Amino acid sequence: MNPPANISVPGTVTVGAGLQDGVYYALLGATDHGGVTVRVQSNNPAVALVAPNASTPGSTYIDIPVASGSTAVSYYIQGMEGAAGQNTTITVSAQGFGSNSHTVNVVQPAVQIAGLNTSTTSLSPNDEFYAYIGIPSSNNTVIYDYQEIRVGGNPVTVTFTNSNDVVGRLVTNSGAGQSATVTIGVGQSNSPTTVAAGGVAFDPMDGGSSTVTASITGFISVNTVTVTVTQ
């Protein structure tokens, strides 16, 4: 190898506060390095952390051994809770290759309702649905990138509300009513999709329309779903 060789890194990364995303790759600019250790480091751990995979808590830096003849290292990025609106850089370095950095923007994450039918009948079975989380579009009308609750963080509680108690109700393992809570666990990007697994369903009861909303503290709610029930 004839140093200095370069390291290629990803472009700007966007991750939600309290969420994680990957896999990202950095590439060494030469293969005949005899084996090196690549360090991937956050330059502000209060804003973002790095992890070697989707199941390991994040840290300020990780050291990744790369065998001779190989060039790629992979990593995940975790946005820290409370860091929305901030940014930092991730620096990738190795002996004989120097270093290179890319930007991480941490943004306010969003929640979206999915799987809920907009029309049903009062005789139909309960309609199971769920919420998922990630990065909202620029106009906050849809999630364009699903992301998971970061490993090392905490589960979040989704609160669903139903606007019309004549038309329908929300059903969970805990009972039925006009509001319901479910949990999105660490390492997950959505709430359970069945009531049996801890999720929620809409129970159509009478003719009319009802609007279902979802909220999580600190998250943007990008949609509501209006359900029309016919008798």
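Predicted model: local features only at pLDDT ≥ 70, side-chain atom pairs only at ≥ 80, totals over all residues.

Tutor: Gladly! Let us start with pairing: two strands pair if DSSP finds at least two bridges between them.

Student: What makes β4 and β8 a pair of strands?

Tutor: Set the count against the rule. Strand β4 (residues 36-42) and strand β8 (residues 86-94) are joined by 4 bridges, and the rule asks for at least two, so they pair. The two strands run antiparallel.

Student: How do you know that β8 and β9 are paired?

Tutor: By the bridges again: 9 of them join β8 to strand β9 (residues 98-107), in the antiparallel sense. As one example, T89 has T103 as its bridge partner in β9. These strands also form a hairpin with 3 residues between them, where G96 takes a positive phi near 90°.

Student: Where do these strands sit in their sheet, and why are β2 and β6 said to stand at the edges?

Tutor: The sheet is open, with 5 strands in the order β2-β9-β8-β4-β6 and mixed pairing. β2 (13-16) and β6 (61-66) each have a single partner strand, so one side of each has no neighbour in the sheet. From one strand to the next, the twist averages 25°.

Student: What is the strand order in the sheet that holds β15 and β20?

Tutor: That open sheet of 5 strands is ordered β11-β22-β20-β15-β18, and its pairing is mixed. Here β11 (119-121) and β18 (179-184) are the edge strands: each has a single partner strand, so one side of each is left without a neighbour in the sheet. On average, neighbouring strands of this sheet are turned by 25° against each other, direction ignored.

Student: And what makes β15 and β20 a pair?

Tutor: Strand β15 (residues 156-162) and strand β20 (residues 208-215) share 4 bridges and run antiparallel. Since at least two bridges are required, they qualify as paired. In β20, V212 is the bridge partner of N162.

Student: Why is S137 called buried?

Tutor: Its relative accessibility is 14%. Buried means under 20%, so S137 counts as buried. S137 lies in the loop between β12 (127-136) and β13 (143-146). Leaving aside residues up to four places away in sequence, S137 touches V142 and Y144.

Student: How much of the whole protein counts as buried?

Tutor: Of its 231 residues, 45% do. The accessible surface comes to about 10,100 Å², and carbon and sulfur atoms hold 46% of that.

Student: How do you know how the protein's radius of gyration compares with that of a compact globule?

Tutor: For 231 residues, a compact globule would have a radius of gyration near 17 Å, whereas the protein has 22 Å. Along the principal axes, the C-alpha atoms fill a box of roughly 75 × 30 × 25 Å.

Student: Finally, how many helices and strands are there?

Tutor: The protein has 0 helices and 22 strands. Among its contacts with a separation of 6 or more, 69% come from residues 24 or more positions apart.

Technical notes: Residues numbered from 1 in each chain as written. Heavy atoms only, no water. Rg over C-alpha atoms; globule rule 2.2 N^0.38 Å. Buried < 20%, exposed > 50% of the residue type's maximum accessible area, 1.4 Å probe, protein only. Contact = heavy atoms within 4.5 Å. Areas by Shrake-Rupley, 256 points an atom, 1.4 Å probe, with all protein chains shown as cover. Axes fitted to C-alpha atoms, helices over the stretch in contact; angles between N-to-C directions.
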